[in-house]
Amino acid sequence: MNQHIEAAEPRSVEITVAGKTIQAREGETIIHALWQAGLGREIQTGCVGGVCGACTVTLRFKDGRRGGTDLACLRPVEEGMEVFPFPVDALAGPPPVSDPDEDKLRDVFPTVDRCTKCDNCTIACPMQIPVMDSVLRMQKGQFEAVAEDFTTCIHCGLCRAVCEDKVLPHTMGLWVRRSLGLSEDHPALDQVESIVMSDSAEAEWEYLLNCDDDERLKRARKFRKEGSLT
Ligand code: SF4
Ligand code: SF4
Ligand code: FES
């Protein structure tokens, strides 16, 4: 007996983007919905895979559900979602120094002690990085832990944009990582050569050049949720 099962059509949901109302298919991302509606230019994009941090948006819901900030290339649409483009300008940070400690950090970033522990930066981070806790670790000079915290940072700048006290958390995190990289005895440097020469680096290039978009999106979501692809 031929049992042919029709795939259910995705439900249609209504969203607004920058004040324009469009119909989208449940499960697709905000960016895909915009492309389908011919409004791709409403939100800037780069990688469309959760890596470059270009497609930052703020979200609100008509029924009072919690909104916030997110990446339009990863966030699925939901009924009643209101999307506002929220581009964050890049900020060139100060150059790294070797053997960084909390005093050197304070010289370059006196902002580090302005933190009022509001946690807005952590809530805004689309990569679930514990940004506020990391700022507190920066104040104590716990830089190996800070470098670990910012491993999955995609430099979208949202934590900086929402910080009313202008603490610059992500800019400091990047400075810490780069400064540790300059220090001769940092263990990460010993690993660089073996990573670059490894088969896994070749496999990553193969993936980047040839992988299809759906698979790339699936992996980006996994990395965002778990901080790892394994
Ligand atoms: S948003 Fe700014 S003030 Fe608030 S916890 Fe983060 S760094 Fe501190
Ligand atoms: S730490 Fe800041 S810059 Fe990095 S991903 Fe999170 S919000 Fe974006
Ligand atoms: S377009 Fe690169 S993170 Fe969304």
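This is a predicted model: local features need pLDDT of at least 70, side-chain atom pairs count only at pLDDT 80 or more; totals for chains, interfaces and linings use all residues.
Two strands pair if DSSP finds at least two bridges between them.

I'll start with the hairpin. Strand 1 covers residues 12–17 and strand 2 covers residues 20–25; they run antiparallel and are joined by six bridges. One of these pairs Ile15 with Ile22 in strand 2. Between the two strands of the hairpin there are two residues, and Ala18 in the turn has a positive phi of about 50°.

Now the other neighbour of strand 1. This is strand 5, residues 81–85, and here the pairing is parallel, over two bridges. If you want to find the place on screen, look for Thr16, whose bridge partner in strand 5 is Glu82.

Strand 5 also pairs with strand 3, residues 56–61. Those two run antiparallel, with five bridges between them. Leu59 is the residue to look for there, standing opposite Val83 in strand 5.

Put together, what is the order of the strands in the sheet? It is 2-1-5-3-4, five strands in an open sheet with mixed pairing. Strand 2 and strand 4 are the edge strands, each pairing on one side only. On average, neighbouring strands of this sheet are turned by 35° against each other, direction ignored. As a general point for looking at any sheet, side chains in a regular strand alternate between its two faces.

Next, the domains. The protein is divided into domain 1, residues 12–85, and domain 2, residues 102–182. Their centres, taken over C-alpha atoms, are separated by 27 Å. Nine residues from domain 1 and nine residues from domain 2 make up the contact. Which element gives the most to the domain 1 side? That is strand 4, residues 68–71, with four residues. By class, the domain 1 side of the contact has three nonpolar residues, five polar and one charged.

Last, helix 9, which covers residues 199–210. From its first C-alpha to its last, this helix of 12 residues reaches 17 Å, close to the 16 Å expected at 1.5 Å a residue. Is helix 9 largely buried or in the open? A residue counts as buried if 20 or more other C-beta atoms lie within 10 Å of its own. Of the 12 residues in helix 9, the number buried is zero, so the helix lies largely in the open.

How values were computed: Residues are numbered from 1 along each chain as its sequence is written. Chains are lettered from A and ligands numbered from 1 in the order in which they are written. Domain bounds come from an automatic or database domain assignment. Two residues are in contact if their C-beta atoms, placed from the backbone, lie within 7 Å. Ala, Val, Leu, Ile, Met, Phe, Trp, Tyr, Cys and Pro count as nonpolar, Asp, Glu, Lys and Arg as charged, and the others, Gly among them, as polar. The expected span of a helix is 1.5 Å times one less than its number of residues. Axes are lines fitted to C-alpha atoms, for helices over the stretch in contact, and angles run from 0 to 180 degrees between N-to-C directions.
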